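Please open the model in a viewer and keep the selection tool at hand.

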Amino acid sequence: MEGHSRKRVPGLTGTGLKVIAMVSMAVDHTAVALVWPAASAGPAESGLYFLYWVMRAAGRLAFPIYGFLLVQGFLHTSSRKRYLGRLCAFALISEVPFDLIIAGRVFDPGVQNVFFTLAAAMGTIWVLERLEERGHTGDTAGTLAEKCSFAWLPIAAAGGLAAWLLRGDYGFLGVMFAAVVWRFRGEPEKRLAGELVSLGLLGVGNLPCLLAIPLTEKYNGQRGPRLGLWAYWFYPLHLLVLKGLQMVI
């Protein structure tokens with residue numbers, strides 16, 4: 001059902017998924033900013049190490065949900081240029097708060113915030129869509145993707161490489177995950193298999209990412225109440241709040 005409908009449908013709306021992702025992300029960053037310093041400074045048997053890893057595991061839910069919602073936003077936005085522009089703008093806005101939490105300094109070239117990866121992912125699926133549209137050559141030829149089921153892979157890999165070179169959070173496989181969600185948007189079984197593979201390849205420490213799939217599978221196609229730009233501002237602002245708490249504590 002189209003996301004603009006007001007009729008309630010069982011499942012999770014886009015806003016519901018977004019709130020879950022925001023809470024998950026906040027829990028993850030709280031673990032990094034506040035729990036880890038206390039755990040590393042205290043006795044190993046304090047239980048803070050266990051709390052830290054539990055919170056980091058809970059934080060793994062965020063990126064797959066955001067990657068999934070990126071594709072839904074791409075399909076339904078009224079302006080893809082503005083959408084991509086917002087992602088790029090908040091990548092820049094969020095970098096200093098992100099580096100302050102992750103590296104403890106104003107700028108760290110070692111890793112960039114997740115907006116860089118999401119922007120690379122959106123650019124990638126935009127190119128994929130353009131190529132698919134140009135693949136229409138008649139009633140029987142179908143799309144480029146239909147003529148060659150693996151034609152999308154080099155483009156997705158190029159976008160993933162861009163995210164990796166930018167050192168974006170989740171990098172190459174983050175873009176590949178979003179590309180899989182877009183490419184197999186009308187084929188649930190293939191999409192699910194692709195999601196499992198792309199997230200599974202992130203490594204043992206990121207296996208809790210797989211727990212996000214049952215949540216995205218409950219997406220009911222509705223947008224839900226609008227959060228507007230607050231959904232974007234939440235990222236840098238909560239990082240700044242955590243940095244302030246870290247300094248006080």
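Begin by selecting L70, L87, F115, L118, W152 and Y235, which touch the most other members of the largest nonpolar core, a set of 57 residues. Such a core consists of buried Ala, Val, Leu, Ile, Met, Phe, Trp, Tyr and Cys residues joined through side-chain atoms within 4.5 Å; buried means under 20% relative accessible area, exposed over 50%, and partly exposed in between (1.4 Å probe, protein chains only). The model is predicted: local features need pLDDT of at least 70 and side-chain atom pairs count only at pLDDT 80 or more, while totals for chains, interfaces and linings use all residues. Residues are numbered from 1 along each chain as its sequence is written, and side-chain values use heavy atoms, with hydrogens and water left out.

Next, colour the elements that give two or more residues to this core: helix 1 (14–41), helix 3 (62–76), helix 4 (80–102), helix 5 (114–134), helix 7 (152–165), helix 8 (171–183) and helix 11 (230–248). Helices here are DSSP runs (H or I, at least four residues), numbered from the N terminus. Helix 5 gives the most, with 11 residues.

Centre on W152. Leaving aside residues up to four places away in sequence, W152 touches L128, M176, A179, V180, R183 and F184, where contact means heavy atoms within 4.5 Å.

From R183, move to E187: the two form a salt bridge, with the closest N and O atoms 3.4 Å apart. The term denotes a side-chain nitrogen of Lys or Arg within 4 Å of a carboxyl oxygen of Asp or Glu. R183 is buried at 12% relative accessible area, whereas E187 is partly exposed at 29%.

Now select R191 and E217, a salt bridge with its closest N and O atoms 2.8 Å apart. R191 lies in helix 9 (residues 188–200) and E217 in the loop between helix 10 (213–216) and helix 11, so the pair ties together parts 26 residues apart in sequence. R191 is buried at 11% relative accessibility; E217 is partly exposed at 38%. Then display D28, R56 and R60, which salt bridges with shared partners join into one network. A search of the whole structure finds 9 salt bridges.

A further stop is R105 with D108, a salt bridge whose closest N and O atoms are 3.1 Å apart. R105 is partly exposed at 44% relative accessibility, and D108 is buried at 13%.
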